[in-house]
Amino acid sequence: AAGTILTEPSLQEIGNGLKEALTVGITKGANALSLKDGYLKSAYKILLPSEVRTVTDRLKNIPGFSNIETELIEKMNRGAEDAAKEAAPIFVTAIRGLTFQDASNILLGSDNAATSYLNRTTNQPLYDKFKPKIVSSLDKIGANTLWTKAINAYNKLPLVTKINNDLSDYVTKEALKGLFKKIEEEEKNIRRNKGARSSELLKKVFAKQDATRK
């Protein structure tokens, strides 16, 4: 605004400001997915892969399997919501580990520069944390049992190609895809929503980003 002159932020200020903004925004995004219906009733809903829909379509007319697709989708998404509770601390650790130069490059980078950095540095640790949670959640809510029953019933049908799909691996990968899409949205909001700049440090740091985008 007219009359406000912001001095050039130092590398240390950029580092601290970006870490503050990312920690708040990205924690908010990850936590939103961990709530009930965070996946199931959002843009990040996990759907069945096409080969699994082949299974469920064939099973709908078999007693006990009429609602199989809806049941599996709900159970998969509940598993992802349960696992998402693990995400925020892993992101926060990665954000704290940013060097001042990393932070400067991210600040002046593309709208998803922080998300790309987090994807590179946290995808495997997240997979390792999510997978056991997903397995446990799918077991706890009966999805793996339901899936095994469905696959066994399907494989007994005549003239079908036998399927042996690792449901927990699929759900883990889809949960992470959704998680990073959500984080990308949060990063975009951090960069573009001037109202979210709640401190003088954030105003100063993000004014530098704004200047590079004119």
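Helices here are DSSP runs of H or I with at least four residues, numbered from the N terminus. The model is predicted: local features need pLDDT of at least 70, side-chain atom pairs count only at pLDDT 80 or more, and totals for chains, interfaces and linings use all residues. Residues are numbered from 1 along each chain as its sequence is written, and side-chain values use heavy atoms, without hydrogens and water.

**Exercise 1.** Describe the lining of the second largest pocket.

Step 1. A pocket is an open set of points on a 1 Å grid over the protein atoms alone, where a 1.4 Å probe fits, with protein on both sides within 12 Å along at least five of seven lines; lining residues have an atom within 4 Å of a point. The second largest pocket holds about 210 Å³, and A21, V24, G25, I190 and A196 are the closest to its centre of the 13 lining residues.

Step 2. At least two lining residues come from each of helix 1 (11-34), helix 8 (167-192) and helix 9 (200-212). Helix 1 gives the most, five residues.

Step 3. Six lining residues are nonpolar, three polar and four charged.

**Exercise 2.** Classify the aromatic pair of F91 and F180 and locate its rings.

Step 1. Rings of Phe, Tyr and Trp (its six-membered ring) pair if their centres lie within 6.5 Å, and planes over 60 degrees apart count as edge-to-face. The count is one aromatic pair. The centres of F91 and F180 are 5.8 Å apart and the planes stand at 85 degrees, so the pair is edge-to-face.

Step 2. F91 lies in helix 4 (residues 87-96) and F180 in helix 8, 89 residues apart, so the pair links distant parts of the chain.

Step 3. Buried means under 20% relative accessible area (1.4 Å probe, protein chains only). F91 is buried at 1%, and F180 is buried at 6%.

Definitions and conventions. Grid points are joined across faces, edges and corners, and a volume is the space filled by probe spheres set on the points. Ala, Val, Leu, Ile, Met, Phe, Trp, Tyr, Cys and Pro count as nonpolar, Asp, Glu, Lys and Arg as charged, and the others, Gly among them, as polar. Rings of Phe, Tyr and Trp (its six-membered ring) pair if their centres lie within 6.5 Å; planes under 30 degrees apart count as stacked, over 60 as edge-to-face and the rest as tilted. Buried means under 20% relative accessible area, exposed over 50%, partly exposed in between (1.4 Å probe, protein chains only).
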